[in-house]
Amino acid sequence: MRWIISKLLTIPIVLLVVILILVSLTSSILDQIMMKQIEIEIRRSVITNPQYANLPMEQKMKIAERMKEELIKALGLDKPWYVKVFMYAYSLLTFKPIYARVLTTRIIDPGSPNAYLIVLERIPFTVVLFTTSAIITLCLAIPLGLLAARKPGGLIDKIISAWSIFSISMPWWWVAMVMIWLFCYEWRIFPGPEHETDWANPISVAQRAALPVITVVMMSTGVVAYRIRSILLDILTEDFITTARAKGLPERMILRRYVLRVAAPPIVTIVLLSIVLSIVSGAIITEAVFNWYGIGLLFWDAVVANDIPVVLVLVYISTLLYLLTRFALDILYTYLDPRIRRA
Amino acid sequence: MSAAEILREIWRCWTGRIALILLIIQLCLAVWVVVSTDYAALSRKYLDETAWLGEYPRAVPPCWAVPHHADIIQLKLNTSTMKPEIVEKRQVGRYTRYVVKWSYQFEYKGHALPSDTLLLLVVKRLPDLKAYKLEVKLLRPDNSTVAILAKTPITKEYVVVVGIGGAKGKPKPVALNTLPSDDPVYRSIVDSVSPLIGDEKLLTELGPGKLLWAGRGGKALLGTYEISVVASFYVKGQPSSDTNLSKYTSVYLEMQTLGNCYGLMGTDSVGRPIELGILIGLPWSFVISFYVTFLTTMIGGFYGILAAFASGWRAELLMRIADTVYSIPLLPILIVVVIVTRSYSIWLILTTMVALLWVGPVVVVRSMALQIKSQPYIEAAKAIGASNARILFRYVLPQILPYLVALMVLGIPDPIIIEAALAFLGLSDPTVPTWGKMLEWAWKEHAVLNGWWWSFLFPGLALTVFCATFLMLGRALEPIVAPKLKSR
Amino acid sequence: MPSTERLLVVENLKVWFPVRRSLADIIRGRRLYVRAVDGVSFTISRGEIFCLAGESGCGKTTTGKAVLRLIDPDFIRDGRVLFRPSDEGLKIVKSYDPGAVEGEFVNVYKVSDKRALKVLRKEMQVVFQDPFGSLNPRYRIRQILEEPLIIHGVKDQGERLKRVYEALEAVKLVPPEEFMNRYPHQLSGGQRQRVAIARALILNPSFIVADEPVSMLDVSIRAEILEILLSLRDQYSISIMFITHDLALAKHICDTLAIMYLGKIVEIGPAEKVIDEPKHPYTKALIAAIPEPDPRNRLKVREVPIKGEVPSAINIPAGCRFRPRCVAYDSASRDVRSLCESREPGLFRVGDRHYVSCWLYGGRSTPNPRP
């Protein structure tokens with residue numbers, strides 16, 4: 001109970017730290033964006049306003065100038081930078097709308113420059129891609145881990161060990177490139193990333209998802225299986241297992257009934273955590289390589305287009321999601337592991 | 001345990017053996033590159049896309065992957081040293097018309113088309129020649145003639161007809177496939193081959209640099225070629241018996257075919273050898289990974305020990321801080337830092353990495369330190385009056401240090417892979433040649449779509465081998481430094 | 001043999017460790033403590049062997065550590081520990097930390113200066129229970145023994161080596177050069193414990209806490225270790241605070257025996273007196289539980305006069321803390337019973353230097369909290 005609260009408390013703290021870092025880095029750029037918006041606003045309401053149409057240009061400029069000053073004051077742009085940092089942080093924390101410079105939405109309310117919408121419509125794609133991969137990974141990795149743990153140093157163990165080393169050593173997005181080259185262009189089995197996809201149509205999305213899912217599963221199964229094997233071996237050396245062996249239980253039964261039950265909580269959390277982690281790190285570029293309409297591709301798009309507001313919102317939202325999932329996983333772990341619940 | 005003993009232990013398992021061998025090879029290569037070449041100049045050149053024109057074939061696969069190699073033809077013809085064939089010499093009014101031909105025969109034996117052809121054509125003439133025209137033709141084994149340069153009037157005394165530069169400095173040959181499609185040389189070659197090839201798509205796909213050597217169906221034409229330079233001009237006065245024509249004009253022609261393959265790993269789309277890039281990137285891989293992991297393990301290790309020895313709210317605060325930093329997503333923050341500061345300095349990137357990655361070892365080190373702290377011999381040391389610093393440095397640190405080394409070795413891949421990711425996003429230091437940057441170039445030039453597999457496969461493999469070396473080493477090291485795991 | 005000169009005085013020592021609070025406790029503002037040592041007083045004279053006995057968890061090890069100031073001063077709830085250092089030691093403490101000096105004694109928990117603390121560290125030493133864990137596995141025996149000398153400023157290497165030799169000889173690890181360059185894991189348990197004793201000895205202390213020094217050793221080598229410890233007293237007139245759970249052993253070696261129960265001393269007196277004429281119901285129960293050496297009696301079912309389990313040191317029962325387990329309480333008179341339930345007994349004198357903390361003896365003599 002106590003640490004659930006303390007974990008819950010870290011979420012806003014981390015969020016605040018991240019936002020303060022972000023905002024203090026970007027405050028001058030945000031200033032420019034705000035100024036540009038003010039100028040657009042003034043042009044609309046003064047220069048091209050039919051009401052002022054018969055005023056001489058000089059007078060118009062004067063009105064515009066005055067309005068600009070008023071707006072700057074109203075928006076707080078004249079305040080010192082440290083005040084502005086907190087101002088911007090506050091507006092981010094409270095989800096005040098912020099507009100993209102270049103990018104627009106494509107599915108929800110197509111054409112809207114609302115940065116939150118732009119990010120929001122991509123989230124399901126990322127989630128679908130990585131949860132599907134996670135489930136398949138688990139289904140493959142648990143039996144593999146069990147097999148490896150049954151004979152440490154055996155052939156399967158060696159294969160899994162090597163596999164995990166190579167999976168960690170390779171950037172996922174590079175593997176993605178190789179997979180695309182092989183499967184899309186050399187053998188033409190799957191549609192390539194340049195293939196037009198209707199992102200609102202589940203079937204065409206599923207077609208496009210095949211290769212990314214295969215790649216992610218391939219890259220994560222080795223690592224997860226290796227970890228499962230280590231956890232299992234850790235448990236296998238404990239006294240209660242020795243007792244079970246001494247009782248003459250067959251090894252298979254020991255694995256299934258004793259070891260797996262104890263090992264389940266760490267396995268589940270490790271798998272899910274590693275996948276959540278990958279979403280906020282490596283997956284950014286993997287998605288971009290596959291041209292998969294998720295958060296990662298958006299990162300790429302926003303970086304290429306230098307769309308700072310979108311980058312800002314993106315980092316904010318992905319941090320928030322990451323923290324929430326981690327928290328959920330912690331709770332799940334406690335729920336699964338009675339030893340922790342008691343403590 | 002001494003260093004020699006540890007090495008022996010590592011050598012005993014097969015992964016450790018492979019890792020040690022790979023590590024030594026890579027270290028030697030890295031040192032060799034830095035010591036034996038002008039590394040700074042070489043990497044500057046490697047990063048400059050324009051510095052590679054004509055030096056190597058562009059976007060060619062490694063030679064071992066190509067069944068038939070193209071022939072490398074290298075011609076340097078200077079007409080002043082060649083025997084001219086006077087095709088025509090007749091008087092027209094007050095002038096004498098000359099048509100002179102210099103020709104040279106050579107064999108093309110390669111069973112494949114070259115990737116491109118380099119050409120340099122420089123003409124010198126006397127100013128008082130009239131109506132000077134030049135034509136360059138290639139007579140091919142199938143008796144077809146390709147006009148490399150259709151009859152072209154030359155008006156100046158010194159003209160680089162085909163080539164780069166020339167007004168000042170030495171002119172350089174140009175690769176025919178890099179010419180724009182409305183260039184007269186381009187058009188002339190394509191037009192003269194097109195009746196033979198027919199297929200419009202193939203024509204543009206091959207380009208003039210290949211078409212020169214291509215027969216029906218785009219296959220290489222083998223046999224004897226003859227290149228001829230034909231100049232026609234009018235000279236004031238009567239035709240003389242003087243055969244020394246080089247006083248009127250001289251033509252310098254340089255032609256070189258670029259192979260259809262290069263070296264061990266091929267070249268990228270601007271003609272940089274991939275193997276050179278991998279060699280140049282190797283020292284930086286060591287710098288990046290060692291800088292970051294050394295600092296992170298030292299900071300994190302020290303912090304972890306501190307957190308173990310602090311008590312009450314101080315320990316709580318230290319762990320909270322570590323937990324907070326641990327929860328900050330690394331790559332997004334790095335991206336923002338680089339975009340916003342617009343400083344693509346590698347040191348900024350690496351320092352930001354350190355600022356966020358140092359928490360990695362904290363939890364493990366802290367629990368280790370806590371375990372050591374509770375050992376009776378620590379209490380015994382307190383009882384004999386050992387100061388806290390002494391306990392820390394003489395008792396705790398020596399126990400944790402080997403484990404920190406293992407952690408460091410295992411942590412080597414992270415910074416490299418993160419740097420590669422940043423480079424791939426185009427956010428890396430433009431002055432630092434890294435493998436990530438090579439992958440970025442490959443991606444930008446659509447190497448995947450074009451099937452130039454060598455240009456992304458090898459840099460990625462280099463990255464993988466580099467990281468795997470340290471992972472294998474770390475895994476071999478782990479049971480030695482943390483003997484509790486040995487029973488596994 | 002013990003002199004009458006007091007070397008160590010412990011007065012009403014309380015060591016309470018705070019318990020990690022649950023959320024409910026924080027809301028209620030409740031603070032809980034493990035009362036490991038809860039008001040302990042005793043004195044040890046020069047050359048005396050003082051035994052502290054009791055069940056595991058009764059706070060005897062904590063008392064030993066507290067005396068040596070190995071417990072964080074934050075956890076010392078109350079009381080004082082006075083130690084009488086050598087004259088030159090006292091001079092050093094006086095010059096660096098005059099506030100800690102009380103007459104000829106030094107208040108152990110008032111010492112704040114590091115140099116003054118070093119005097120205490122030099123003159124009070126410890127031998128731990130676990131001979132496997134108490135030696136740094138990465139040091140050679142010679143390094144382990146040199147370490148205290150280095151810390152206490154013996155700079156001359158020849159001098160250090162000489163003293164290492166002497167210490168090893170004193171604990172009968174002969175020839176010393178054979179042991180000096182070994183690592184702890186190359187020694188047997190008994191040899192290691194001798195190294196631990198040598199380490200304690202090498203600084204010429206006047207007081208050693210021996211925390212169950214033989215309980216983890218094979219029975220066959222216990223006698224040798226005990227003999228070494230006893231010879232120290234005879235040779236150097238070192239006082240030893242001997243912590244044990246083995247009463248039979250205590251009777252053999254110590255001059256004074258104190259029985260602890262749940263953080264408090266329930267009976268204290270000359271060892272033979274306490275063992276042969278136990279007064280406190282708990283002492284009686286402990287003595288009844290000593291295995292009978294006579295083989296004829298091995299099948300006899302012996303009644304141990306105690307009931308229930310040791311309560312948690314967090315929730316110490318009100319009144320007499322032994323009451324829930326006391327069989328004497330059941331048969332006592334109503335007046336005594338009401339005393340047992342309401343008030344904690346002090347220490348009552350029952351004989352020469354023999355005190356008991358039990359209301360059964362409360363009427364006959366005046367309570368004397370400081371024997």
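**Figure 1. Polar contact between the two domains of chain B.** Between domain 1 of chain B and domain 2 of chain B, 1 residue pair is in polar contact, with both residues at pLDDT 80 or more. On the side of domain 1 of chain B that touches domain 2 of chain B, the residues are 3 nonpolar, 1 polar and 1 charged. The model shown here and in the other views is predicted. The rule also finds 1 salt bridge across this interface. B:Asp116 and B:Arg58 form a salt bridge through their side chains, with an N to O distance of 2.4 Å.

**Figure 2. Domain layout of chain B.** The domain assignment divides chain B into domain 1 (3-59 + 268-487) and domain 2 (67-258). Taken over C-alpha atoms, the centres of these two domains of chain B are 55 Å apart. Contact between them involves 5 residues of domain 1 of chain B and 8 residues of domain 2 of chain B. Together the two domains of chain B bury about 490 Å², and 61% of this area is on carbon and sulfur atoms. The residues of domain 1 of chain B that lose the most area to domain 2 of chain B are B:Gly54, B:Pro57 and B:Arg58, which together make up 77% of what that side buries.

**Figure 3. A salt bridge between two helices of chain A.** A:Lys68 and A:Glu39 form a salt bridge, and their closest N and O atoms are 3.7 Å apart. A:Lys68 belongs to helix α2 (residues 57-75) of chain A and A:Glu39 to helix α1 (residues 2-47) of chain A, so the pair ties together parts that are 29 residues apart in sequence. A:Lys68 is partly exposed, at 23% relative accessibility. A:Glu39 is also partly exposed, with a relative accessible area of 37%.

**Figure 4. Salt bridges within helices of chain B.** In helix α1 (residues 3-12) of chain B, B:Arg12 and B:Glu9 are 3 residues apart, which is about one helical turn. They form a salt bridge in which the closest N and O atoms are 3.1 Å apart. B:Arg12 is exposed, at 62% relative accessibility. Helix α15 (residues 435-444) of chain B holds B:Lys444 and B:Glu440, 4 residues apart, or about one turn of the helix. The side chains of B:Lys444 and B:Glu440 form a salt bridge at 2.5 Å, N to O. B:Lys444 is exposed at 55% relative accessibility, whereas B:Glu440 is buried, with a relative accessible area of 8%.

**Figure 5. A salt-bridge network in chain C.** Salt bridges link C:Arg35, C:Asp38, C:Lys264, C:Arg321 and C:Glu344 in a network. Over all chains, the count is 40 salt bridges.

Key:
Residues numbered from 1 in each chain as written. Chains lettered and ligands numbered in written order. Predicted model: local features only at pLDDT ≥ 70, side-chain atom pairs only at ≥ 80, totals over all residues. Heavy atoms only, no water. Salt bridge = Lys/Arg side-chain N within 4 Å of Asp/Glu carboxyl O. Buried < 20%, exposed > 50% of the residue type's maximum accessible area, 1.4 Å probe, protein only. Domains from an automatic or database assignment. Contact = heavy atoms within 4.5 Å. Buried area = accessible area lost by both parts, 1.4 Å probe. Polar contact = N/O pair within 3.5 Å; in protein donor to acceptor, adjacent residues only side chain to side chain. Nonpolar A, V, L, I, M, F, W, Y, C, P; charged D, E, K, R; others polar.
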